[in-house]
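Let's walk through this structure together, one step at a time. Keep the sequence beside you as you read.

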Amino acid sequence: GAPLACLPKTMYKADPAKAFLSSASQSTGLRSAATIHNKYQYVSSVMIMNTAQKRQMSSSPAQTETKSGKIWTAAKCLDDHVEVFMSLPTILGAYVGPNSLHPKLGESIMVAVNSVNACPYCTGLHGELARMAGVDKCAALQAATSVNECTAVVDDPAIAFARKFAEGEGKGPEVDAAFEAVVKAHGPGAARSVKALCWFLQWGSLGGNTLNATLFNGQLGLFEILFAVYYAPLFGVIAMMNAALKRMPEMPDAFFKGIGVTLTFVGGSWLTP
């Protein structure tokens, strides 16, 4: 077939793969629609892969580190499950009760944690809930690559802590220092609610990433297979819920209390031994 350099520039800019096959079919007398379709798919896929590789190579080290799409090992999964299970009463209290958080802050915390963990299920769920709670620029918060970028969207010590929490996986001196700033700003009760929501999102985001690694990335160890069998129904429901939330407008505080209680009890049912 004709090389891409010989194609008309307008055709090449519109769709180089389709232009390649059109020229090739004319020069070789190719008439099979199925063959053209298959070759078009192949050339397109190669070009897409090359584009993705170039983008990955051009990414900065900070982006590679912070957009980790982290997954669990069996040991870390067990540790985090114990931590989140013990936090269930405080998670519930973050939605209802004297230490409950305003929905705008609560959903911003979730999105800030996921700006590190990069779980698509959590992006869909809490990204939409943040929008419905009235968070401005929630997409920018999800795309943030640092504490400063997070707090530029929502200027609150709880958001700085959420980002630090995710970067340190809930532990370390920087996480502790950031938590003390939350205590000073919001009081000890609300600060515990902030930390509990961070653990809740840590569980959900690493769970979603681990499931996807099994289903789509070929992670087929015994732990991953058992995890997928156990958690696939939960994340299937979340995926359907995400699709429904896209059509919903901003909602009052009572709606988020109901959603929070529901998520806590549903999540707790999977966490309970």
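The mean pLDDT of this predicted protein model is 82, where pLDDT is the predictor's confidence in each residue, from 0 to 100. A value of 70 or more is reached by 75% of the residues. Over residues 1-68, however, the pLDDT is below 50. Beyond near neighbours in sequence, that stretch has 45 contacts in the model, a contact being heavy atoms within 4.5 Å.

Residues are numbered from 1 along each chain as its sequence is written, and side-chain values use heavy atoms, leaving out hydrogens and water. As the model is predicted, local features need pLDDT of at least 70 and side-chain atom pairs count only at pLDDT 80 or more, while totals for chains, interfaces and linings use all residues.

Now let's look at charged side chains. Side chains of opposite charge can pair when their charged atoms come close. A salt bridge here is a side-chain nitrogen of Lys or Arg within 4 Å of a carboxyl oxygen of Asp or Glu, and by this rule the count comes to 6 salt bridges.

Start with K76 and D80, whose closest N and O atoms are 2.7 Å apart in a salt bridge. Both residues sit in helix α5 (residues 74-86), 4 residues apart, which is about one turn of the helix. Helices (H or I, at least four residues) and strands (E, at least two) are DSSP runs, numbered from the N terminus. D80 is buried, with a relative accessible area of 2%, whereas K76 is partly exposed at 22%. Buried means under 20% relative accessible area, exposed over 50%, and partly exposed in between (1.4 Å probe, protein chains only).

K76 also meets E169 in a salt bridge (3.9 Å, N to O). This pair links distant parts of the chain, 93 residues apart: K76 is in helix α5, and E169 is in the loop between α11 and α12. E169 is partly exposed, at 28% relative accessibility. Its phi is positive, about 55 degrees, although E169 is not a glycine.

Which residue pairs with E167 in a salt bridge? The partner is R163, with the closest N and O atoms 2.9 Å apart. Both lie in helix α11, 4 residues apart. E167 is partly exposed at 35%, but R163 is buried at 0%. Elsewhere, salt bridges that share partners join K70, K76, D80 and E169 into one network.

Finally, find A118 in the loop between α7 (103-117) and α8 (120-133). A118 has a positive phi of about 55 degrees without being a glycine, and A118 is partly exposed at 29%.
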